[in-house]
Amino acid sequence: MAQATENTLEFIEHFGPHPAYAAGVRLETGVEPDKLVKTHCCFCGQQCGIQLKVKDNEVIGFEPWEEFPFNRGMLCPKGVKRYLQGSHPDRLLHAYQRDPASEGGFRELAYDQAIALVAAEIQRIQSTHGNDAFGVLTGASLTTEKAYLMGKFARMCLKTANIDYNGRLCMVSAGAANKKAFGIDRAANPWSDILKAEVVWISGANIAECAPITTNYVWQAREYGAKIIVVDPRITPIARTCDLFLPVKPGRDIALFNGILHLMIENDWLDHDFITKHTVGFEAVAEHVHEWNPKKTAEVTGISERAIRQAAEWWGQAKSSFLLHARGIEHHTHGVQNCLGAINMVLASGRIGRENCGYATITGQANGQGGREHGQKCDQLPGARDISNPEHRAYVAGVWGITPEEMPQAGVDAYEMFRLIDRGEIRGLLSICFNPKVSLPDNSFITRCLEKLEFYVAIDFFLNETAEHADIVLPGSLQEEDEGVVTQIEGRVIKINKAVDPPGDAKQDWRIIQDIAKALEREKGFTFSSPREIFNELRIASKGGIADYSGITYEKIEKQYGVFWPCPSDDHPGTPRLFELGSLNPIAKGSGPFYFPDGRARFNVAPYTPPAEDTDEEYPLMLTTGRVVSQFLSGTQTRRIGPLVDQYPEPLIEIHPQLAQKLGIANGDLTTVESRRGDITLPAMVVTTIRPDTVFVPYHWPGRKSINQLTISAQDPISKIPEYKVCAVRVRKATGNGS
Amino acid sequence: MVPEQNEFFMDPNRCIGCQACVQACSECETHKGYSMIHLDYVDRAHSIQTAPVVCLHCDSPTCAEVCPADAIKKTADGVVQTALKPRCIGCNNCVLACPFGVPKMKTEFKLMMKCDMCYDRTSEGLKPMCATVCPSQALFFGTREEIELLRPRSVATNQFRFGEQTITTKVNMMLPKSGKAEYVDVTAAMSERGSGKTISLNILDGMYNEEQSQ
Amino acid sequence: MSKETIRAGAWGTLFTLIVAGLIVLGSRNLAHFDAALVGYTFAVLFATFGITYRYSMWLQRPPTALYWKRGWQVFLRPRHLVQNIKEWFIRVPSDFGLNLFILQRGKLRWATHMLLMWGCMIAIAITFPLVFGWIHFETLPNNFDWYRAYLFGFPTFAFPIHSIFGFLVFHGLVWASIMVTAGVMLAMRRRMRDHGAAALQQFGEDFLPLILLFAISVTGLMLTASYTWMKGYAYDFLAIIHAITVIFTLLWLPFGKFFHIFQRPAQLGVSFYKDVGQREEPANCRRCGAPFTSRMHVEDLIKVERQLGYRYEMKDNSIEHYQWICPPCRRSMLALAQGQLWRTESSASLDMEGLVPTPVLGNPGPNQGPLGEEDRTNFHP
């Protein structure tokens, strides 16, 4: 049904991507802006403070915001050029309906008519195939208010179990591991604790490109004497000058963590007091890592024994430390285990919950943290509550004014939703802030599923590649066209401020959702008149939950430059550092610092398993994927910002010269990488900064330039995160002229 | 005037090549739309090292002295400016003679343009664009007290050696305190290819082949 | 007095005498010279001396002297002469007539400069010959409605006074004033609004010339207004004020921004120098091996740098002089040299034989820097 329009010139003419450059008033040097709006960058989880220059309802530039304590004016290239996403030629200004006869494949439609059509289709599908036959896909770049509303909309208005979000591709492994080990899913420390740590351990995090501002924290720590240990299959910019670089073989991180713990135990670099008083399960883990002697660790990880011993020595003997990890260890079929392995190292050292002693995952998306706390995840309700817990259901149902029985049970994860589409169990789909056709693995399967949908409505501000399949496209809002809160990398709740009004027929996303609810004649609970009203309901809905926002107000956020949750009451300043001895939490109720009834953290045995698809004779190499600094996720925004496109115009295949020489590939040669699911032909970038058994391709591009044609859809059994970071491939020099 | 206590400090070793500086530079209002900072990959095939270069604002600027049109001027506070538009004849002498490789020739304008330390900002007490946004703070703008507090293992120098020539600059470079070097011998790096971690020759040599033969 | 000053003084005197001689000659022994304009004449003579003096001093700076010499040498080099002459006929109108390089900087900027430049040119073309007595008009003996123009005392064409042509000619200064005034307004607007300009501009260098041009134009227009519509009201007073503005401008000519009018033609020499350099032997960077400019240019710069007292000589004989290193390598070496000082045991350096690759600018955006389009046209023949 929902066949994508062929990407004809006509389509591109109408919907892009066109790279926008500064022109007109944005290039003028004699313009006084009407106002400077203090807000945050729209891209990654660091949520750097920035001031937008506004003139005549247009964002014309930026001014650094040096008072905001996290980034003090610092920005990456995306933040610098983010202002170019406004007033963009590709911006959707109307609702559109699929119409192959029209130029570009879509025709303009009056907004009200579009809403009526959407409501009619939802009603038709749900009455014929059941409520769960309509699915909702959302995203972690939405403000917390919108994320909350989306969860409420799916459960209360559509009464479907099937809602999930793109955070599923992001930090769910870390979230699941954090909950297993600490009982709470949040960065344990503010970034200021990195500064005075003696050892900073960075596993699977390309900080320089994916969280650039964090670089300054790491270098600052080094100035104060820290040793920096980086674990990565590539020499990323931060790895170049770190103190110890461990070039791990993709997918073998647990082996390393277990090996380090083995050496810590062997040399008695343990905090026995902490382990006894504040943890459970150490013995089982100690028993498990016994076999992970340096020799075995070296064999499995591909890192020299000497380097492993050095790392263990530094980590083991440190008085203070900070461990950071990101998608590199999380995007695996054993992503949760990887994270647990890292956490075991931290718990055994006892270096958590104190000044300069910390642990955190680096969240990826703008609201990666807040977006996973308030109920757009398939198994979760606001306040990080559990949808299968009767008490939690009853509380939230009470806030919403429904009975717990009316509330659907847990649905399935985002990838599984596509499998349900494939099986005909989901017939209709609403998506917002998600571009699965680019971002999900094995994406030719995703395309086939999209084509099977009876009805698909997409809400977005640009017509992204997935929305090309939509029957109806509704024009949503850019980040600067609405207000609301997001929770950044450190767990700090911050406020996005509105700079301009949405242009044309475009509407703030929450208004669109409410309009659909109204057209469905299920308006109850969807009559908010501002994000503040939504936030106030969310505060109540999260009250008493782990992610307790009830004491946070917009005013408190502005006054304190953000409030760290949990913040359970109006006079509570928020909680920058978790797990401090003597700190209270609603689960432990004083019995200890961790979020379990006994107040103790959990050691979890983290067994090593190889990647779902290991190399073999047919596919002898490993493919790993990731990001470049100038692009963001599926590129819907950044592929439309000219200066960012120029910085890294198309994906390249990073390949080591030893391998390249063997395959007869020179720098710049068109090279084909094949997996069992697909192939891609791109220019090679021959560099010594990658393991010779691994190739790397960034994933921000669609269609034939999408590396997710090759990646595997195998998922972690607990977190359901796909294994983006390793699959088996073969590489050859391209024949002919390639693509 | 740029407040006297505000100084520019460079620490290329911190650079992560993200190009925030390059992107922000073109937002500066003395040359809007054009980036004046340079960020080069020194040898991308072998290293991810990048070299960010702003104008160092020499005490006696070679670029100005070799200018046949007398078009390059230094302000009283020591900032070497873009060539004067009426005078610059686009001869390229400055581009070729600057020991740091800083000036840029806009051929179509017949005009040399260069980093002026964001004079529109610094003369009003603000920081230059590049140093404000730089996520690694390889480019830092602030007072000497601030830098001493933030970089306890570093010491600033503003002396650079090129063969037999010493150049003193307004911009400082951070050197290791332990190294006791008083100046940067730029030409000592003539055959240097890039430094930092390398994968290949030590840890992993032959690994790919081993796997193949298994 | 230094050798340079004496030489410049001599050139100044010579040129002043030549202009004075031409005035005497062109006005037929001052027969057509208007005594009322003697103030202007002396101001012009002073300006001539000043400009020549400054030009000569300028030409004696080592880089200028070398470029001046080389500019002529390469222009006249027999191998390139024909091509050079062809180019000359393209470049003079496009650079000087149409200011196309300013058009690239911005349309409004270009319009401003065209108005100012051509306004001044027209005014100069009309007033100077009139003041010097090089041109005068007489009515035809048999027809008082017709004028004949005389150039250097020789009769040329005649035209009716009350024709459109006559109107245009006799109001030439009015048109020029309007153009200049419009140009001044545009320039002032930019200087008042533009944040970049605000940071850099200086009163003497940037506002004074605009004020002077404005004063000349306005007082000139008032003169016309006075005799056309106000029966010569305050004419004498206005004439004095106008004379003061013009004379002050003439006296200031050698010192301020207007000197670029005389300096600017050097741009032509530069373009031939670059052209010929591109056609001849390139200089290859002695670090990375990439050609980055002409050999002639590097050798000339070495000469100039030595004259200026720089000691960029290198001990390494294969390099000789730092000038043989290309700008991208220079930039890289700065970071590499610092990196060397920071190197710890654990961070290896890459020691390999042979030339190092040319550093590549990180941002390959349109016209962005080294080894992009911009550099190809600049120092990569």
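Predicted model: local features only at pLDDT ≥ 70, side-chain atom pairs only at ≥ 80, totals over all residues.
View 1. Chain C is built from 16 helices and six strands. Its C-alpha trace spans about 100 × 45 × 45 Å along the principal axes. The radius of gyration of chain C is 28 Å, whereas a compact globule of 381 residues would have one near 21 Å.

**View 2. Burial and contacts within chain C.** Buried residues make up 34% of the 381 residues of chain C. Among the contacts in chain C with a separation of 6 or more, 61% join residues 24 or more positions apart.

**View 3. The contact between chains B and C.** Chain B contributes 77 residues to this contact and chain C contributes 69 residues. On the side of chain B that touches chain C, at least two residues come from each of the strands β2 (38-41), β3 (50-53), β4 (104-106), β8 (165-176) and β9 (184-185). The helices α2 (62-65), α3 (93-97) and α4 (119-122) of chain B likewise each supply at least two residues there. By residue class, this side of chain B comprises 33 nonpolar, 27 polar and 17 charged residues.

View 4. Strand β2(B) is joined by two bridges to β6 of chain C, residues 360-361. The two strands run antiparallel. Within this pairing, D40(B) stands opposite L361(C), a residue of β6(C). Strand β2 (38-41) of chain B is also among the elements that supply at least two residues to the side touching chain C.

Definitions and conventions: Residues numbered from 1 in each chain as written. Chains lettered and ligands numbered in written order. Helix = DSSP H or I, 4+ residues; strand = E, 2+ residues; numbered from the N terminus. Rg over C-alpha atoms; globule rule 2.2 N^0.38 Å. Buried ≥ 20, exposed ≤ 12 C-beta atoms within 10 Å, placed from the backbone. Contact = placed C-beta atoms within 7 Å. Nonpolar A, V, L, I, M, F, W, Y, C, P; charged D, E, K, R; others polar. Pairing = 2+ DSSP bridges.
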